[in-house]
Amino acid sequence: MMKKECSVVRDVLPLYLEHMVSEGTTVFVKEHLETCSDCAAEFERLKSGRQIDTAETPQREHDADVIAAVRKKIAKRIVKAVVAVCLVFVVLFSAVLLYTSISYPVTKDDISLSTKTDGEYTYIVLETEAGKSLRFESKTEDILNEQNEVCGLRITLYNLQYHNSFAQNSSSMSWGRPLKDEKQYMEMIVQLEEDTLKISNADSVLSSPS
């Protein structure tokens, strides 16, 4: 059976081990441990456990530092990957923007003019080369006959520029007038930097049934 003195000593052993008891208690516990093998063994057990905890603390701190370093390295790699993807996107977007935004002067090889009759309408058709988007300014004016009467319409296109396009098919624009219109005659003048193209729907009008 444990003595009362042993019970008191064992209660204060944790505090004694941490040097958290008074000087008188320290002397009392020390003298008791010198004479009581059981309490001395308990003290050694407590002291061994504390030494293990003390030894493990630096290891835990080291492990925490390693984990933090790994996380930091992973975070840096993720940031670098995101930045790289963003840079690639910016470069591609800039390339697309540059490819489609630069304008080029139109030559007669970039466009074609034709006429056609479809149903009750006659048309002048302007078709662009595949992969090119056409921009221009235009003006229209009446055509007068010898009696100074309006007999048709003249369309003039100028300042023609084309932009590259990702469309693989050619695009076309058309200007039409009803065949029954007294002003069904149309002519188109396309003013280029080095050429002037002209076309009219006279043949279509003449060949259409009255």
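**Entry 1: charge on the surface.** I looked for clusters of charge and found Lys72, Lys73, Lys76, Arg77 and Lys80 gathered in a surface patch of positive charge. For a patch I took residues with over 30% relative accessible area and no salt bridge, joining like charges within 9 Å and nonpolar side chains (Val, Leu, Ile, Met, Phe, Trp, Tyr) within 5 Å. A salt bridge here is a side-chain nitrogen of Lys or Arg within 4 Å of a carboxyl oxygen of Asp or Glu. Lys and Arg count as positive, Asp and Glu as negative, and His and the chain ends are not counted. Each charge is placed at NZ of Lys, CZ of Arg, CG of Asp or CD of Glu. Accessible areas are from the Shrake-Rupley method with a 1.4 Å probe, and for residues only the protein chains shown count as cover.

I note that this is a predicted model, in which local features need pLDDT of at least 70 and side-chain atom pairs pLDDT 80 or more, while totals for chains, interfaces and linings use all residues. Residues are numbered from 1 along each chain as its sequence is written, and side-chain values use heavy atoms, without hydrogens and water.

**Entry 2: helix α3.** Lys80 sits in helix α3, residues 37-101. Helices (H or I, at least four residues) and strands (E, at least two) are DSSP runs numbered from the N terminus. Lys80 counts as exposed because its relative accessibility is 61%; the classes are buried under 20%, exposed over 50% and partly exposed in between (1.4 Å probe, protein chains only). I also found a nonpolar surface patch of Val66, Val70, Ile74, Ile78 and Val82, with about 410 Å² of accessible area together. Ile74 is in helix α3 as well, and is partly exposed at 46%.

**Entry 3: the core.** The core has 17 residues, and Ile111, Leu157, Leu160, Met188 and Val190 have the most contacts inside it. At least two of its residues come from each of β3 (121-128), β5 (150-164), β7 (185-191) and β8 (196-200). β5 gives the most, five residues.

Entry 4: His19 is in the loop between α1 (4-17) and α2 (23-35), and counts as exposed at 72%. Asn159, in strand β5, has a positive phi near 55 degrees. Asn159 is partly exposed at 47%.

**Entry 5: whole chain.** I listed four helices and eight strands, and 24% of the 210 residues are buried.

Key: A nonpolar core is a set of buried Ala, Val, Leu, Ile, Met, Phe, Trp, Tyr and Cys residues joined through side-chain atoms within 4.5 Å.
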